[in-house]
Amino acid sequence: MASSSPRPPLVAVPFLDLVTPHQQLENELLDVLRRALVRAAFVGGSEVEEFEREFAAFAGADGCVGVNSGTDALRFAYQALGTRPGDEVVTVSHTFIATTESITQAGGVPRFVDVNDATLTMDPAAVEAAITPRTVGIVPVHLYGQPCDMDPLLAIARRHGLWIVEDAAQAHGARYRDRPVGTMGAMAAWSFYPGKNLGSCGEGGAVTGNDSTQLGVVRQLREHGQSRKYYHDIEGYNGRLHAIQAGFLRVKLPHLNGWNEGRRRAAALYRQALADIPEIRLPVEADYSYHVWHLFVIRAERRDRLQAHLTARGIGTGLHYPLPLHLQAAYQNLGLGPGSLPATERAVGEILSLPMFPGLTEDQVGAVAEGIRDFYSGS
Ligand SMILES: *Cc1c(COP(=O)(O)O)cnc(C)c1O
């Protein structure tokens, strides 16, 4: 009666599970909605102020200004630091366009530099080489949840009198040599887009920093440039954080460190399960990093076919990001053609983001690993 051993059913693995954490917190989240309906304070107000205090404490900053997105957080930070038309801001091409469209919106010009091949974050030597008399600032992006190598960047900034704005949209809770990300530059910008390590149930963002004058300008910019109601010192924007989102964020913030630990557990499981596949390279956690694994990004031979193979098995994956900014149609005016940023251009053809979220189970990691192994063994 020997039957061939049945193949276990394939385990579908979503790229991201945004359902379970909200179900687990459903009652507290619904309380936020009820509270908002009773208070009828929907934009700004005490819920936002409470969140700002709590997030500043979490981030190790003196102050926090809640805004309506990470993109506006970046723009307001650049503007509060005095960016003027034609000012150059050095940042990476291997990031989401929000990092740089906000530079342009603030009047500046992005200067793209290459990444370190091992970490895929800003290469300090490339930054040094990109500085011109028009350079005013540097924007390190703590990509995928891994801090940039900040000490050399801070030294360059000091030597040339430049500011640093940390793009911390993917790195809530990460640390660089025991310093929390967001505390090393003049200001930091955060996103609370739903899929981030700390996400609202809509749009949201924040600026943190230690200079109350600069944070005051951010506060004005988010609210039509007013210092008090209907008195406008400057023109600003409609850039406020909604009270309901602030309330949701207050429910979630106490869970963030635990969720980050869950991501680190999942990353460790991947590391074991994928260790012996020669066709892929695993992401590194630099010795200076406490990585919070917003994304787990491998580098793979025959990447597109591997991705299609995983998709067919019900395994969600992503590309972060498929086309570097300097080669996007939107940035052809900067005149950087193919070949100008070799490490970035090599990486984008190989990167593949695997499923990553705090509750990822050992079985799910096993299913992803089996899918990858299966592809390369040609079965
Ligand atoms: C998400 C993200 C942003 C922008 O945040 P939004 O809240 O979506 O506007 C900026 N930079 C990086 C690196 C991001 O991942």
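Domain bounds here come from an automatic or database domain assignment. On that basis, the chain of this predicted model is divided into domain 1, comprising 20–114 + 121–252, and domain 2, comprising 255–377. Between the C-alpha centres of domain 1 and domain 2 the separation is 25 Å. To the contact, domain 1 contributes 38 residues and domain 2 contributes 32 residues.

The interface of the two domains was then examined by area. About 3000 Å² is buried between domain 1 and domain 2, and carbon and sulfur atoms account for 59% of this area. Within domain 1, the residues that lose the most area to domain 2 are Asp114, Tyr144 and Asn197; together these three give 24% of what that side buries.

Salt bridges, by contrast, number 0 across the interface of domain 1 and domain 2.

On the side of domain 1 that touches domain 2, two or more residues are supplied by each of helix 5 (98–105), strand 3 (109–113), strand 6 (175–176) and helix 9 (243–252). Of these elements, strand 3 gives the most to that side, with 4 residues. Classified by residue type, the side of domain 1 that touches domain 2 holds 19 nonpolar, 12 polar and 7 charged residues.

Terms used. Residues are numbered from 1 along each chain as its sequence is written. This is a predicted model: local features need pLDDT of at least 70, side-chain atom pairs count only at pLDDT 80 or more; totals for chains, interfaces and linings use all residues. Side-chain values use heavy atoms; hydrogens and water are left out. Contact means heavy atoms within 4.5 Å. Buried area is the accessible area (1.4 Å probe) that two parts lose on being put together, summed over both. A salt bridge is a side-chain nitrogen of Lys or Arg within 4 Å of a carboxyl oxygen of Asp or Glu. Ala, Val, Leu, Ile, Met, Phe, Trp, Tyr, Cys and Pro count as nonpolar, Asp, Glu, Lys and Arg as charged, and the others, Gly among them, as polar.
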